[in-house]
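Below is a colleague's note for a reader who is meeting this structure for the first time. Please read the numbered points with the sequence and the model side by side.

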Amino acid sequence: MLDRIASDINAALKRGDKATAEALRLLKSALMNAKIAAGHDLSDEEAAKVIRKEMKSRVEARDLFAANDRSEQAAKEEFERSVYAGYVPEQLSEADIDALIQKVVSELGASPQFAQVMPATMKAAAGRADGKLVADRVKLFLEGNA
């Protein structure tokens with residue numbers, strides 16, 4: 001992953017796209033820090049987790065900037081988030097999450113509890129779904145509203 005990002009930084013610089021190069025440098029730095037903290041090269045799954053964390057951070061910052069009428073900074077955060085999105089698998093839709101929940105519940109059998117369904121669904125999603133969204137969908141499903 002680091003090699004791909006490094007080559008993408010070089011390509012962006014050759015194109016004269018300084019904004020993309022800067023965003024990728026920040027992402028590379030976050031991945032390098034995670035690599036050092038882990039004490040080993042990151043697997044693709046570990047790297048994707050770090051990238052999703054950075055994306056979430058950008059979304060939170062974007063929302064804060066937007067709420068405080070700082071549209072230029074909000075746009076920069078959204079741009080960085082969109083650049084990072086190209087390095088992780090696409091997130092599951094609500095319909096896909098609902099299908100996973102249905103499958104997990106059928107495997108668990110009679111009257112499953114949230115504490116059983118949630119971890120099994122997250123494992124089945126394999127990092128392709130936001131935990132908050134999955135939790136909301138599981139709650140709706142167990143209440144009979146999905």
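1. In which helix does Gln73 lie? Gln73 lies in helix α4, which covers residues 71-85, where helices are DSSP runs of H or I with at least four residues, numbered from the N terminus. With a relative accessible area of 29%, Gln73 is partly exposed; buried stands for under 20% relative accessible area, exposed for over 50%, and partly exposed for what is in between, with a 1.4 Å probe and protein chains only. Gln73 and Arg62 are 11 residues apart along the chain, and their C-alpha atoms are separated by 7.2 Å.

2. A word on the basis of this note: the model is predicted, so that local features need pLDDT of at least 70 and side-chain atom pairs count only at pLDDT 80 or more, while totals for chains, interfaces and linings use all residues. Residues are numbered from 1 along each chain as its sequence is written, and side-chain values use heavy atoms, with hydrogens and water left out.

3. Helix α1 (residues 2-15) and helix α2 have axes that come within 9 Å and cross at roughly 160 degrees, the axes being lines fitted to C-alpha atoms over the stretch in contact, with angles from 0 to 180 degrees between N-to-C directions. α1 is therefore roughly antiparallel to α2, a label for angles over 145 degrees. The crossing of α1 with α2 is left-handed, that is, the near helix is turned anticlockwise from the far one by less than a right angle, whereas clockwise would be right-handed. The residues in this contact of α1 with α2 comprise 11 nonpolar, 1 polar and 5 charged; Ala, Val, Leu, Ile, Met, Phe, Trp, Tyr, Cys and Pro count as nonpolar, Asp, Glu, Lys and Arg as charged, and the others, Gly among them, as polar.

4. Helix α2 (residues 18-38) also packs with helix α3 (residues 44-67), at an angle of about 130 degrees and with the axes 10 Å apart. These two helices, α2 and α3, are therefore oblique to each other, and their crossing is right-handed. On the α2 side the contact (heavy atoms within 4.5 Å) involves Leu26, Leu27, Ala30, Leu31 and Ala34, which meet Ala47, Val50, Ile51, Glu54 and Arg58 in α3. By class, the contact of α2 with α3 holds 8 nonpolar, no polar and 2 charged residues.

5. Glu54 in helix α3 deserves a separate look. Glu54 counts as buried because its relative accessibility is 17%, and, leaving aside neighbours within four places in sequence, Glu54 is in contact with Leu27, Ala30 and Tyr84. Among the other buried residues of α3 are Ala47, Val50, Ile51 and Arg58, and the buried residues of α3 pack against α2 and α4.

6. Two loop residues complete the note. Asp69, in the loop between α3 and α4, has a positive phi of about 55 degrees although it is not a glycine. Most residues other than glycine have a negative phi. At 73% relative accessibility, Asp69 counts as exposed.

Notes:
Angles under 35 degrees count as roughly parallel, over 145 as roughly antiparallel, 65 to 115 as roughly perpendicular and the rest as oblique.
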